[in-house]
Amino acid sequence: MKTFLKDHDRETAFRRATYRVFSEKPGAYGAGTNLAVLASAWKEKKDLAEVWIDWGSFAYGKGVYGVAAHKEMVSLLKSVKLTYQKLESDDFDTLDCCCFFGFHGGFTCAAETISGEKVSTYFGDSRDPNRPEVRDMKDELERTVRSRLLNPAWIEGKKRHGYRGASEISQRIDRVYGWSATAGIVDKWIYDAIAKTFVMNEENKKFFKENNPWALEEIARRLIEAAER
């Protein structure tokens with residue numbers, strides 16, 4: 001019996017040491033980090049790291065389905081040097097969903113917190129399969145901000161949708177802040193440009209007040225939060 005238990009313990013320990021695929025527990029969804037950011041339910045970067053680890057430290061693989069593996073996850077995070085995300089369509093970008101900064105930004109945040117080292121973040125662009133490209137995530141975020149969020153043509157297109165358009169603009173600004181909170185890749189000029197474009201621009205401010213004043217309130221609140229943090 002003792003021999004059996006020893007062999008079983010060795011086998012279990014070896015299997016746990018080989019865990020490499022992690023996600024949330026069975027039946028759950030999301031990284032949790034995005035929810036904490038959007039609810040302003042955090043004080044320091046380590047708080048977001050803890051959320052990401054707690055939500056995502058369940059192992060999957062051969063013979064393993066959602067096994068709690070907090071220690072194994074933390075051990076592997078110590079060696080992370082870079083994080084990577086890939087999109088393959090023009091239909092959406094890194095600001096279209098809070099899950100992007102929740103997972104990728106949260107991963108970066110957790111790795112930096114555990115290792116104490118700066119982690120590089122990269123973006124894979126395979127929208128054109130004949131010309132795949134890997135860019136720094138900061139560069140990709142700035143490209144998206146310039147080409148959509150601050151683009152007058154894009155803004156006018158959203159304004160045609162009234163209440164819904166105002167809400168979508170506000171949500172994208174929340175996601176800019178999400179990337180800032182988790183990965184720290186948002187420069188000050190982006191916040192300044194958002195303030196000038198949506199809060200200080202009289203024409204756009206009038207649009208929000210007439211169609212969705214709560215969206216304008218959320219934009220202003222998020223900018224104040226970013227400045228205070």
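**Reading burial and contacts**

Analyst: In this predicted model, Ser 57 has a relative accessibility of 4% and therefore counts as buried. The cut-off for that class is under 20%.

User: Where is Ser 57 found in the chain, and what does its side chain reach?

Analyst: Ser 57 sits in the loop between helix H3 (45–56) and strand S2 (58–61). Its side chain reaches the backbone oxygen of Ile 53 at 2.8 Å. Setting aside residues up to four places away in sequence, Ser 57 touches Phe 22, Ser 23, Val 67, Ala 68, Ala 69, His 70 and Met 73.

User: Is Phe 100 buried or exposed?

Analyst: The same cut-off, under 20%, is applied. Phe 100 counts as buried because its relative accessibility is 18%. This residue belongs to helix H5 (residues 98–115).

User: Which residues is Phe 100 in contact with, leaving aside its neighbours within four places in sequence?

Analyst: A contact requires heavy atoms within 4.5 Å. By that criterion, the partners of Phe 100 are Gln 85, Leu 87, Phe 92, Asp 93, Thr 94, Gly 105 and Trp 179. For Leu 87, 13 residues apart from Phe 100 along the chain, the C-alpha separation is 10 Å.

User: How many residues has the largest nonpolar core, and which have the most contacts inside it?

Analyst: The largest nonpolar core has 57 residues, and Trp 179, Ile 194, Phe 198 and Phe 208 have the most contacts inside it. Helix H8 (residues 162–183) gives the most to this core, contributing eight residues. Beyond its neighbours within four places in sequence, Phe 208 is in contact with residues including Ala 166, Ile 169 and Phe 198.

Conventions:
Residues are numbered from 1 along each chain as its sequence is written. This is a predicted model: local features need pLDDT of at least 70, side-chain atom pairs count only at pLDDT 80 or more; totals for chains, interfaces and linings use all residues. Side-chain values use heavy atoms; hydrogens and water are left out. Helices (H or I, at least four residues) and strands (E, at least two) are DSSP runs, numbered from the N terminus. Buried means under 20% relative accessible area, exposed over 50%, partly exposed in between (1.4 Å probe, protein chains only). A nonpolar core is a set of buried Ala, Val, Leu, Ile, Met, Phe, Trp, Tyr and Cys residues joined through side-chain atoms within 4.5 Å. A polar contact is a pair of N or O atoms within 3.5 Å; within protein, one must be able to donate a hydrogen and the other to accept it, and residues adjacent in sequence count only if both atoms are side-chain atoms.
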